[in-house]
Amino acid sequence: MRVLTAATTALALMLGMATAQADAIKIKFAHVVAENTPKGQMALKFKELAESRLPGKVEVEVYPNSQLFNDNNVLEAMLLGDVQLAAPSLSKFNKYTKKLQVFDLPFLFKDMTAVEKFQSGPEGQKLLSSMSSKGLLGLGYLHNGLKQLSASKELRKPSDADGLKFRIQSSDVLAAQFEAVGATPLKKPFSEVFLLLQTKAIDGQENTWSNIYSKKFFEVQEHITASNHGLIDYLVVTSAEFWNDLPDDVRPVLEKSMKEAIAHGNMIAEQKVTGDRKRIADSGRSTILELSDAERAMWVKAMKPVWDKFAGEIGQDLIDAAVASNN
Ligand code: SIN
């Protein structure tokens with residue numbers, strides 16, 4: 001009899017848990033990078049915080065490495081309700097807003113302190129809702145870091161890039177930036193970059209130390225120029241309809257969890273700048289080139305005219321605010 005009671009209790013508990021699981025709000029978080037990156041770690045931290053604070057109410061599934069969607073289709077999927085969270089690079093929102101192109105202007109931010117200052121200031125915060133008419137809501141910015149140039153040959157001066165093919169993210173500003181040095185830009189998803197480099201279908205690419213390391217680009221690129229010429233940061237984004245429909249006892253907890261997860265990711269981003277750069281240097285697979293001030297000035301001179309080309313779409317006020325964050 002006692003055995004029967006224990007079994008009945010266990011069954012009831014299991015059924016209760018199953019019902020709670022079935023009722024839980026499912027949140028799919030899709031991204032394209034590896035788990036050992038700022039974004040990968042941020043997504044896992046969000047899952048940990050959200051599920052521990054809202055047990056049985058929320059279930060977060062994280063899909064790294066473009067397993068569920070890539071950056072070219074994730075936003076469409078989000079608007080269809082097939083994914084609830086993503087954090088594409090700021091260079092991948094062209095279809096939805098031209099304003100975020102400000103982050104792609106070459107040699108705009110002198111360091112990540114300036115980036116943080118701009119993002120947390122009034123203009124940066126306003127950009128979070130720049131796509132609300134399209135149904136997308138920015139929940140916050142996440143750092144990765146400044147971009148470096150890599151190629152199959154040494155890139156010391158802009159003319160070294162002349163005639164080379166570079167993979168870029170889906171950004172017209174980035175296309176113009178490479179055209180400005182006589183190179184051919186090719187818009188390709190992140191998931192294809194390694195193979196394109198390995199098979200020499202392209203000659204180079206631009207990315208952060210953490211992406212170059214975690215996706216092993218340094219194994220198939222002999223030369224990296226420590227150029228710090230641009231930025232890869234992210235907008236954590238959701239569907240406005242999904243977010244606004246969340247129950248009132250759930251949304252604030254998710255907001256708090258996201259804020260903390262982003263802080264965690266930002267801390268990792270900071271560590272990875274030096275850590276992953278050192279790992280690449282120690283591997284001996286790539287040579288890292290430091291530019292002299294004069295060489296750097298040549299890149300700035302060649303690429304900066306791109307700013308004028310996009311000032312109309314972005315808005316000169318926004319560009320000025322970003323520049324001011326360097327002071
Ligand atoms: C990412 O960091 O999410 C991808 C960046 C890229 O496409 O190069």
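1. Helices (H or I, at least four residues) and strands (E, at least two) are DSSP runs, numbered from the N terminus. By that count the protein chain has 13 helices and 11 strands.

2. This is a predicted model, in which local features need pLDDT of at least 70, side-chain atom pairs count only at pLDDT 80 or more, and totals for chains, interfaces and linings use all residues. Residues are numbered from 1 along each chain as its sequence is written, and side-chain values use heavy atoms, with hydrogens and water left out.

3. Start with aspartate 160. This residue sits in the loop between β5 (148–151) and β6 (165–168). Is aspartate 160 buried or exposed? Aspartate 160 counts as buried because its relative accessibility is 12%. Buried means under 20% relative accessible area, exposed over 50%, partly exposed in between (1.4 Å probe, protein chains only).

4. Next, its neighbours. Leaving out residues up to four places away in sequence, aspartate 160 touches Lys153, Glu154 and Leu155. Contact means heavy atoms within 4.5 Å.

5. Now the whole chain. Of its 327 residues, 53% count as buried. Among contacts in the protein chain with a separation of 6 or more, 75% join residues 24 or more positions apart.

6. Along the principal axes, the C-alpha atoms fill a box of roughly 85 × 45 × 30 Å.
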